[in-house]
Amino acid sequence: MNSQNGSAKSSAKPSATAARTPQQPCLRVIPLGGLHEIGKNTCVFEYGDDLMLVDAGLAFPSDGMHGVNVVLPDTAFLRENQKRIRGMIVTHGHEDHIGGIPYHLRHINIPVIYGPRLAMSMLQGKMEEAGVTDRTTIQTVRPRDVVKVGQHFSVEFIRNTHSISDSFSLAITTPVGVVVFTGDFKFDHTPVDGENFDIQRLAHYGEKGVLCLFSDSTNAELPGFTPPERSVFPNLDRHIGNAEGRVILTTFASSTQRVAMILELAMKHGRKVSLLGRSMLNVIAKARELGYMHCPDDLFVPIKQIRDLPDRETLLLMTGSQGEPLAALSRISRGEHPQVQVKSSDTIIFSASPIPGNTISVVKTIDRLMMLGARVVYGKGEGIHVSGHGSQEDQKLMLALTRPKYFVPVHGEHRMLVAHSRTGQSMGIPADHTLIIDNGDAVELTPDSLRKGEPVKAGIELLDGSRTGIIDARVLKERQQLAEDGVITLLATISHDGLMTAPARVHLRGVVTTADPRKLSIWAEREIGWVLENRWNQLARNTGGKAPEVDWVGVQREVEVGLQRRLRRELQVEPLIVCLVHPAPAGTPAYKGQADSEPDTRPAPRQRRDGGGDASRDVTRTVSRAPVPVAVPAPSARAAAQPAAELEPAGRARRRRSAAG
Ligand SMILES: [Zn+2]
Ligand SMILES: [Zn+2]
């Protein structure tokens with residue numbers, strides 16, 4: 001299955017370009033993240049008994065991931081194979097490449113991490129915060145350093161140019177040939193930090209022969225070359241020069257090339273700089289320490305003192321370019337920052353473009369700042385931002401220099417991978433020498449074949465605010481229910497002989513419904529009654545003692561599932577339902593219930609499948625007073641469940657399902 005039709009994802013069927021015996025050893029390259037998305041780049045190289053990781057990034061949560069701080073790739077594969085992990089290579093210091101490492105180190109043994117000085121210094125800080133500094137050894141590398149990982153990998157670091165300084169492409173020599181892994185790059189021939197792309201070295205490998213190229217696809221849809229970082233200088237210069245009052249500027253802290261220019265401009269225009277936001281302070285301190293930014297100490301003034309200077313002589317550089325709610329600029333826009341209030345004479349510059357998914361929070365921040373009276377400079381037309389990733393012509397140059405036999409586009413959403421593979425084809429790489437893959441797919445390489453092998457488990461792990469607990473799909477669904485439809489708690493009093501002994505008590509929080517509370521408790525009692533009538537024998541076990549052993553959790557779950565279905569059907573709401581059972585001693589007199597006063601409008605009986613039992617134990621629900629005829633249960637539980645589901649108003653039911661799924 002090949003690349004250009006884009007249907008490669010569904011199948012792991014081999015697409016051998018040459019026959020190969022099963023015994024022939026191959027190199028497997030398995031990206032666990034970073035494909036069909038921008039973020040959490042994590043790639044595994046496997047040969048024989050050796051595993052080598054390249055980068056381990058994180059992604060940020062999308063809408064609906066309530067309370068999630070960090071998204072990581074599924075690490076099941078790494079945990080299962082951790083004895084074989086020989087080391088990790090880091091290409092550069094962006095969060096989508098190093099952000100996951102401190103979390104992985106808690107559970108996974110990575111004996112050594114090799115990476116650039118700036119990235120390693122940033123990583124060191126993160127590891128100290130996470131308390132995992134003793135879990136690995138960090139080794140910094142310089143351009144053209146070669147490191148050996150395990151028996152089978154030898155990695156040369158080739159200086160490239162990107163929005164962060166000290167970034168590398170990799171030439172990985174393996175028993176099957178040389179793989180060039182570009183990392184994030186663009187060809188910037190006038191880098192702000194003066195560190196040039198080592199094109200000669202790429203060409204050297206191209207000359208010797210590159211088996212396969214794994215290349216950054218972020219801007220594969222954009223024609224032309226990505227402009228050099230320096231191209232924003234005149235525009236920033238003009239805006240800062242024209243500003244009458246303070247300049248408030250936001251960009252990614254990790255865009256060190258941009259930050260270096262901004263500091264240069266502050267000096268040029270006689271403005272002192274205050275830094276706001278922890279990452280801004282951290283990254284600048286590290287970049288200066290390592291010589292990637294040059295400016296005198298007295299350029300910087302703490303925020304508390306900068307207010308004593310005339311507005312014309314100040315520049316506040318801060319985080320918040322993505323509208324992150326807790327970042328400095330977002331708090332300023334809401335009037336919640338303790339030290340900075342917006343003035344109408346302020347010029348506020350967004351020198352960044354929103355990552356897809358952040359657009360709404362960015363434009364809202366801009367709106368709020370404008371409403372406070374500031375002049376806000378933002379958007380493509382202003383020429384104050386360029387991407388750190390190469391466009392089609394950069395990507396062609398990379399292909400031309402490395403001249404790979406096989407080509408795998410990585411680091412991008414699906415359409416970007418497809419566009420990049422087309423660029424490859426336009427340069428003469430046959431379609432069947434290209435693979436479009438998904439996270440977890442295994443690229444199998446031999447000297448004369450490229451194919452997709454057995455995939456490994458891939459998915460996501462979500463970390464919550466405490467950054468320790470993993471949020472699984474169930475927790476996420478519950479949070480979505482809470483946020484969208486609220487919660488219903490239900491207290492049921494049930495005796496050990498399986499009788500309801502008191503009225504059901506129902507409480508609603510955040511639930512909008514037209515049903516009156518009495519109706520809800522009647523429904524709740526019906527569900528309890530049904531469970532006691534039809535499921536008690538499975539849930540209560542006679543152990544010979546006085547009272548049976550009751551699976552109260554099972555009872556709760558059955559009641560929850562039943563009430564959930566009824567609410568979905570009758571009211572088109574799907575609140576989280578929490579049923580608590582208060583067990584009463586055997587012999588407590590039964591409570592008759594209010595159910596008789598209300599006709600049951602349930603449309604048809606159905607089988608219950610969610611009770612945790614196997615299908616053979618499923619019981620068809622029968623309600624003696626049901627006004628509709630009792631249907632003969634269908635042989636398959638799935639078929640039987642159908643009529644009930646169909647009664648839901650289609651649009652809403654479908655929306656909920658997709659939201660939950
Ligand atoms: Zn990057
Ligand atoms: Zn990246």
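A donor is an N, O or S atom within 2.8 Å of the metal. The exercises below use this term for a predicted model.

**Exercise 1. The zinc pair**

Find how far apart the zinc ion (ligand 1) and the zinc ion (ligand 2) are, and which residue coordinates both.

Solution. 
- Step 1: The distance between the zinc ion (ligand 1) and the zinc ion (ligand 2) is 3.5 Å.
- Step 2: Asp-184 coordinates both ions.
- Step 3: His-92 sits in the loop between β5 (85-89) and α2 (95-98), and Asp-184 in the loop between β11 (177-181) and α5 (199-208), so this pair ties together parts that lie 92 residues apart in sequence.

**Exercise 2. The site of ligand 1**

List the protein donors of the zinc ion (ligand 1), and state what kind of site the angles among its donor atoms give.

Solution. 
- Step 1: The protein donors are His-92 (NE2), His-94 (ND1), His-162 (NE2) and Asp-184 (OD). They lie 2.1 to 2.3 Å from the zinc ion (ligand 1).
- Step 2: Along the chain, these donors follow the spacing H-x1-H-x67-H-x21-D.
- Step 3: The angles among the 4 donor atoms run from 90 to 162°. A tetrahedral site needs all angles between 85 and 135 degrees. The site of the zinc ion (ligand 1) is irregular.

**Exercise 3. Buried or exposed?**

Decide whether His-92 and Asp-184 are buried or exposed.

Solution. 
- Step 1: The cut-off for buried is under 20% relative accessible area.
- Step 2: His-92 has 0% relative accessibility, so it counts as buried.
- Step 3: Asp-184 has a relative accessible area of 1%, so it is buried as well.

**Exercise 4. Helix α13**

Compare the span of helix α13 (residues 414-426) with the expected one, and say what its buried residues pack against.

Solution. 
- Step 1: Helix α13 has 13 residues and reaches 19 Å from its first C-alpha to its last. This is close to the 18 Å expected at 1.5 Å a residue.
- Step 2: Among the buried residues of α13 are Met-416, Leu-417, Val-418 and His-420.
- Step 3: The buried residues of α13 pack against β12 (210-216), α12 (392-402) and β18 (404-410).
- Step 4: Just after α13, Gly-428 takes a positive phi of about 95°.

Note on methods:
Residues are numbered from 1 along each chain as its sequence is written. Chains are lettered from A and ligands numbered from 1 in the order in which they are written. This is a predicted model: local features need pLDDT of at least 70, side-chain atom pairs count only at pLDDT 80 or more; totals for chains, interfaces and linings use all residues. Side-chain values use heavy atoms; hydrogens and water are left out. Helices (H or I, at least four residues) and strands (E, at least two) are DSSP runs, numbered from the N terminus. The expected span of a helix is 1.5 Å times one less than its number of residues. Buried means under 20% relative accessible area, exposed over 50%, partly exposed in between (1.4 Å probe, protein chains only). Contact means heavy atoms within 4.5 Å. Donors are N, O and S atoms within 2.8 Å of the metal (3.2 Å for Na, K and Ca); water is not among the atoms, so sites may look incomplete. Four donors count as tetrahedral if all angles lie between 85 and 135 degrees; four count as square planar and six as octahedral if opposite donors are over 155 degrees apart and all others between 65 and 115; anything else is irregular.
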